[in-house]
Amino acid sequence: MLINGVEKRNYYIKPFREIYNGYYDTTVVSNKPERKISMNYGERLKILREKHELTQADVASYIGTSQSYYAQYENGKRSIPFERAVKLAQLYDTSLDYISGLSDDINRKPH
């Protein structure tokens with residue numbers, strides 16, 4: 001396939017899909033065969049919250065929402081906005097990759 005006069009081979013380019021209904025689903029862009037990544041981030045949010053001995057109300061207050069709304073994130077009934085996902089990663093000192101399921105390493109890596 002020619003793109004701008006340059007031959008491109010074996011690259012799979014798929015659009016980014018948002019976090020929806022508790023599942024993060026995207027296709028990796030690389031020269032390797034495509035792979036799907038799917039993870040229920042609600043389960044990870046619950047594990048992190050319990051590890052830090054916080055209530056849903058505590059976490060909801062920190063990210064600026066109600067307890068019932070936050071519970072819907074953990075239950076996978078509502079999509080989580082990016083800004084709130086970032087706040088959760090900061091609260092738990094972990095990465096967005098861990099929360100979204102792209103990584104199984106719970107510890108944030110130093111940059």
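Is Tyr 69 buried, partly exposed or exposed? In this predicted model, Tyr 69 has a relative accessibility of 30% and therefore counts as partly exposed. Tyr 73, by contrast, is buried, with a relative accessibility of 0%, and Tyr 70 is likewise buried at 0%.

These three tyrosines, Tyr 69, Tyr 70 and Tyr 73, form one aromatic cluster. Two aromatic pairs are counted in the model. In one of them, the ring centres of Tyr 69 and Tyr 73 lie 5.7 Å apart and the ring planes meet at 85°, so the pair is edge-to-face. Tyr 69 and Tyr 73 are four residues apart in helix α3, and are therefore separated by about one helical turn. Tyr 70 and Tyr 73 also pair edge-to-face, because their ring planes stand at 85°, an angle over 60 degrees, with the centres 6.1 Å apart. Both residues belong to helix α3, where a spacing of three residues places them about one turn of the helix apart.

Helix α3 (residues 67–74) packs against helix α1 (residues 41–51) at an angle of about 120°, the axes being 7 Å apart. The two helices α1 and α3 are therefore oblique to each other. On the α1 side, the contact is made by Tyr 41, Gly 42, Glu 43, Leu 45, Lys 46 and Arg 49, and on the α3 side by Tyr 70, Tyr 73 and Glu 74. Classified by residue type, this contact of α1 with α3 comprises four nonpolar, one polar and four charged residues.

Helix α2 (residues 56–63) also packs against α3, here at an angle of about 100° and with the axes 8 Å apart. This angle makes α2 roughly perpendicular to α3. Gln 56, Ala 57, Val 59, Ala 60 and Ile 63 of α2 contribute to the contact, together with Gln 67, Tyr 70, Ala 71, Tyr 73 and Glu 74 of α3. The residues of the contact of α2 with α3 divide into seven nonpolar, two polar and one charged.

The charged end of Arg 44 sits over the ring of Tyr 98, at 4.2 Å from the ring centre. Thr 94 is located in the loop between α4 (82–92) and α5 (96–100). With a relative accessibility of 0%, Thr 94 counts as buried. Beyond its neighbours within four places in sequence, Thr 94 is in contact with Leu 48, Ala 89, Ile 99, Asp 105, Ile 106 and Arg 108.

How values were computed:
Residues are numbered from 1 along each chain as its sequence is written. This is a predicted model: local features need pLDDT of at least 70, side-chain atom pairs count only at pLDDT 80 or more; totals for chains, interfaces and linings use all residues. Side-chain values use heavy atoms; hydrogens and water are left out. Axes are lines fitted to C-alpha atoms, for helices over the stretch in contact, and angles run from 0 to 180 degrees between N-to-C directions. Angles under 35 degrees count as roughly parallel, over 145 as roughly antiparallel, 65 to 115 as roughly perpendicular and the rest as oblique. Contact means heavy atoms within 4.5 Å. Ala, Val, Leu, Ile, Met, Phe, Trp, Tyr, Cys and Pro count as nonpolar, Asp, Glu, Lys and Arg as charged, and the others, Gly among them, as polar. Buried means under 20% relative accessible area, exposed over 50%, partly exposed in between (1.4 Å probe, protein chains only). Rings of Phe, Tyr and Trp (its six-membered ring) pair if their centres lie within 6.5 Å; planes under 30 degrees apart count as stacked, over 60 as edge-to-face and the rest as tilted. A charge sits over a ring if NZ of Lys or CZ of Arg is within 6 Å of the ring centre and within 35 degrees of the ring normal.
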